[in-house]
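Okay, thanks everyone for coming.

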Amino acid sequence: MTATIPLDRAKRTAPDRPRHVRRQEWAGYLFLSPALLLFLVFVAGPVVAAFVLAFYQWDLLTPARFNGLGNFSKMFHDPLLYKALGNTFIFTAASMVTHLVGGLLLALGVNRLKNRFLSYFVRTSLFFPFVISWAAVALLWKYVLDPTFGPGTYYLHKLGITPPNWFVDPSWALPAIIGIDFWHTIGFTFVIMLAGLQTVPKQLVEAARTDGAGEWQILWRITLPMMSPTIFFAAVVTFIGAFQIFDPIQIITPQGGPDNSTVSIVMYLYQQGFESFQVGYASAVSLLILVVTMFVTLLQFWGSRRWVYQA
Amino acid sequence: MKSADQVPALSRRGMLRMMGVAAAAIPAASTLAACGSSDDSGTSGGGKGAATLSLAYLGDASQQAAFTALFAAFNKSHPEIKIKANGIAAGDWATFASTISTQLAGGKKYDIVDVATEGQLLMSSKGVLAPLDEYIAKDKAVVDAYYAGIDPHLHDWTRKYGSPDGKTYFIPGGYNSMALYCNTEVFAKAGVTLPASDWTWDEFKAAGQQIKAKTGAYLISTGDGSFPFGDIMPWLLTNGTSTLDADWKNPTLGSPAAVEAATFVKSLIDAGLAPKIGGTFDAANQFSKGKLATLGGGRWPTLDIRRLNLVAKTTILDWPTKAGTKGSPIGWDGWPILRASKNKDAAWTFIKWLMTKEASEFYAQVGGTNIPALKSVATSQAFLGNAPKGSELLPAAIGFGTPIPSPKQGAATQKVISAGWKNALTGVKPVAEALSSASEQLRPLL
């Protein structure tokens with residue numbers, strides 16, 4: 001004989017959780033709701049709006065008109081979009097290389113400092129620029145590199161070097177911004193790398209040393225593999241941040257630099273949306289940014305299987 | 001075919017609401033963006049009683065004080081009408097127009113927006129302004145008296161560039177021109193006599209060379225082109241050309257006269273008479289320290305000159321010319337009422353008050369940054385008192401001035417013009433190539 005549970009009883013069983021559990025669930029939802037609300041209003045909502053607007057022509061003030069795939073096909077024939085994408089990829093690649101290598105080297109160096117006071121001082125000094133707003137950093141460097149009065153220009157002249165007019169020369173404007181970005185944000189990567197270094201098991205290092213491994217071998221065989229999840233995290237975060245670069249470029253070279261040499265893709269989006277009033281096209285560009293960011297990030301995750309050590 | 005006015009409309013706010021709730025609703029809502037209200041008759045909307053006007057204007061911290069005093073003075077005359085003003089500290093008028101457009105699209109309600117030339121065509125052609133013709137007809141005596149008292153150019157230009165469909169959307173307010181503020185101490189120290197009236201580019205440059213040699217001061221800060229009104233237009237207009245033609249339909253930035261003007265400005269930088277572009281040269285500060293001989297500007301530098309106690313040491317002169325053709329850009333305020341306003345009567349009361357001599361004099365005295373539209377005020381002590389010698393040249397420049405070209409895509413146009421000029425001055429491209437390339441980029445924007 002087969003025992004069966006009456007249907008109405010089965011229905012009753014699932015929700016019949018203890019009262020304190022249900023109360024906890026409600027409390028959870030309650031705590032979650034502010035963040036969820038903010039997410040819906042400031043993230044999900046704009047994403048949906050951008051997706052819809054990408055199929056329209058809208059100049060902010062007159063009625064929007066359905067444009068089908070017009071905005072997307074326009075992207076294929078827009079040389080400035082390619083220029084902006086190219087600039088952004090150059091900036092991102094340079095940013096990733098300099099931040100990952102620089103951050104790692106700095107972390108390794110500081111981690112070896114024996115003097116605790118010196119170690120804290122260097123850590124603080126390296127991280128300090130990161131807490132300054134981009135606006136202040138941009139103006140500061142614009143002053144330092146002023147071609148006439150800048151202290152940077154003055155001292156380079158003292159060293160017998162004639163510096164270029166950094167933000168006016170098309171060959172130097174983007175490298176100058178890459179340099180400023182490095183100065184401003186390297187502290188963040190450095191801190192991540194330093195934290196990653198603390199996760200390397202000391203017994204492994206000691207064992208390797210006992211087995212006669214040199215410092216170089218320890219770095220390659222122990223430290224870097226053990227730090228690979230941290231490096232991977234830093235790579236993903238740096239890519240996403242660098243690909244959205246906007247503030248320093250807008251402040252230092254507000255028109256996109258000489259010959260559009262510093263126009264980034266996000267700046268181009270801004271120009272299209274709020275200077276040319278092509279909100280539909282700007283929305284299409286925003287979707288392109290989303291797709292590129294997602295694709296490269298997924299590529300990073302796919303590639304990580306080959307080199308990231310999973311404990 | 002139905003016009004935008006006739007289409008059953010959802011408000012812009014409604015459009016945003018729909019986008020937020022259901023993206024699919026956009027097609028149905030998309031005929032409405034500009035239509036805050038289907039009521040665009042001039043005299044309807046809002047009673048004559050108490051009202052709070054929402055008003056936007058361009059103003060940084062220094063300008064906000066004068067505007068606040070102006071609104072307080074109005075409130076004294078009309079205690080029933082309060083003004084809730086929003087000073088937008090945009091860097092230029094094109095950016096201001098973009099900011100306002102974005103705010104309106106986002107559902108922000110204004111009753112009045114102080115729109116300069118750079119935004120007048122944009123706003124009047126997008127259906128966001130209410131026609132003022134019925135109000136003007138109702139208060140014909142007041143408006144006629146005002147128009148009789150201002151330079152006729154202001155009225156004509158407002159009609160030409162701010163009324164794309166023949167209706168009146170703006171009452172012209174104060175304006176600005178460009179002239180040179182000269183630090184007389186620097187000139188005296190260098191042994192250079194200021195010209196009594198006109199001077200040529202060559203004379204100007206020769207004076208600069210002497211000043212540089214004797215005092216080390218720069219002759220002028222040319223700017224990098226990001227402020228076309230002051231950085232570019234005076235040089236073009238004093239050589240008989242402009243960035244666009246008179247109808248703002250065709251670019252003239254690549255013309256030989258424009259190339260000649262840019263070449264001359266570049267020669268000032270190359271000769272060390274102007275600081276290199278790409279830095280953070282603070283012109284007003286350097287002028288006060290005697291390290292800069294001249295400062296280009298309209299009425300607005302007078303505020304700095306007063307603050308720095310330089311009124312007695314400064315003389316205003318017309319911009320030097322290539323060969324005697326005087327020129328100055330002119331930009332003016334326009335006072336419109338927004339179509340979506342629920343306080344149109346109160347808004348008109350405020351605009352009508354702005355047309356009075358009392359308001360004009362008051363604004364000039366409290367530190368207004370423009371030239372009063374009423375000639376009687378612009379030539380009175382309210383404007384000329386506590387101001388550098390030669391201040392009367394500022395209002396006089398409207399006689400030979402040219403409206404600052406301001407097509408609908410003002411911000412995008414300005415960006416192209418600025419970039420082209422900057423490329424020319426910095427040598428990124430040869431001058432002629434830089435300007436003709438910019439000229440070509442302008443065509444699709446006009």
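Before the first sheet, a quick word on terms: I call two strands paired if DSSP finds at least two bridges between them. And keep in mind that what you see is a predicted model.

So, with that in hand, go to chain B and find the open sheet made of three strands, in the order E8-E7-E9, with antiparallel pairing. Which strands sit at the edges? Those are E8, residues 294-297, and E9, residues 314-317, both of chain B, and each of them pairs on one side only. On average, neighbouring strands in this sheet are turned by 25° against each other, if you ignore direction. Zoom in on E7 of chain B, residues 179-183: four bridges join E7 to E9(B), and the two run antiparallel. If you want one pair to click on, take B:Cys182, whose bridge partner in E9(B) is B:Thr315.

Let's step back to the whole chain. Chain B has 22 helices and twelve strands, and of its 446 residues, 55% count as buried.

Next, the domains. The assignment for chain B gives domain 1 as 39-177 + 332-395, and domain 2 as 179-330 + 401-445. Taken over C-alpha atoms, the centres of these two domains of chain B are separated by 28 Å. Where they touch, domain 1 of chain B puts in 31 residues and domain 2 of chain B puts in 27. On the domain 1 side, the elements of chain B that each supply at least two residues are helices H4 (93-105), H5 (117-124), H8 (152-162) and H20 (393-396), plus strand E6 (171-176). Which of them gives the most? That's H5(B), with six residues. By class, this side of domain 1 of chain B has 13 nonpolar, 15 polar and three charged residues.

E6(B) pairs with strand E10 of chain B, residues 329-335, in the antiparallel sense over four bridges. In that pairing, B:Asn176 stands opposite B:Gly331 of E10(B).

Now the packing. The largest nonpolar core has 172 residues. Among those with the most contacts inside this core are B:Leu53, B:Ile112, B:Leu338 and B:Phe350. Helix H21 of chain B, residues 410-426, gives the most to this core, with eight residues.

Last stop, the chain interface. How many residues does each chain bring to the contact? Chain B has 37 residues in contact with 34 residues of chain A. On the chain B side, H1 (12-21), H2 (26-29), H4 and H21 each supply at least two residues. H21(B) gives the most to the side that touches chain A, with eight residues. By class, that side of chain B has 18 nonpolar, 15 polar and four charged residues.

That's my tour, so over to you for questions.

Methods: Residues are numbered from 1 along each chain as its sequence is written. Chains are lettered from A and ligands numbered from 1 in the order in which they are written. This is a predicted model: local features need pLDDT of at least 70, side-chain atom pairs count only at pLDDT 80 or more; totals for chains, interfaces and linings use all residues. Axes are lines fitted to C-alpha atoms, for helices over the stretch in contact, and angles run from 0 to 180 degrees between N-to-C directions. A nonpolar core is a set of buried Ala, Val, Leu, Ile, Met, Phe, Trp, Tyr and Cys residues joined through C-beta atoms within 7 Å. A residue is buried if 20 or more other C-beta atoms lie within 10 Å of its own, exposed if 12 or fewer, and partly exposed in between; C-beta atoms are placed from the backbone. Domain bounds come from an automatic or database domain assignment. Two residues are in contact if their C-beta atoms, placed from the backbone, lie within 7 Å. Ala, Val, Leu, Ile, Met, Phe, Trp, Tyr, Cys and Pro count as nonpolar, Asp, Glu, Lys and Arg as charged, and the others, Gly among them, as polar.
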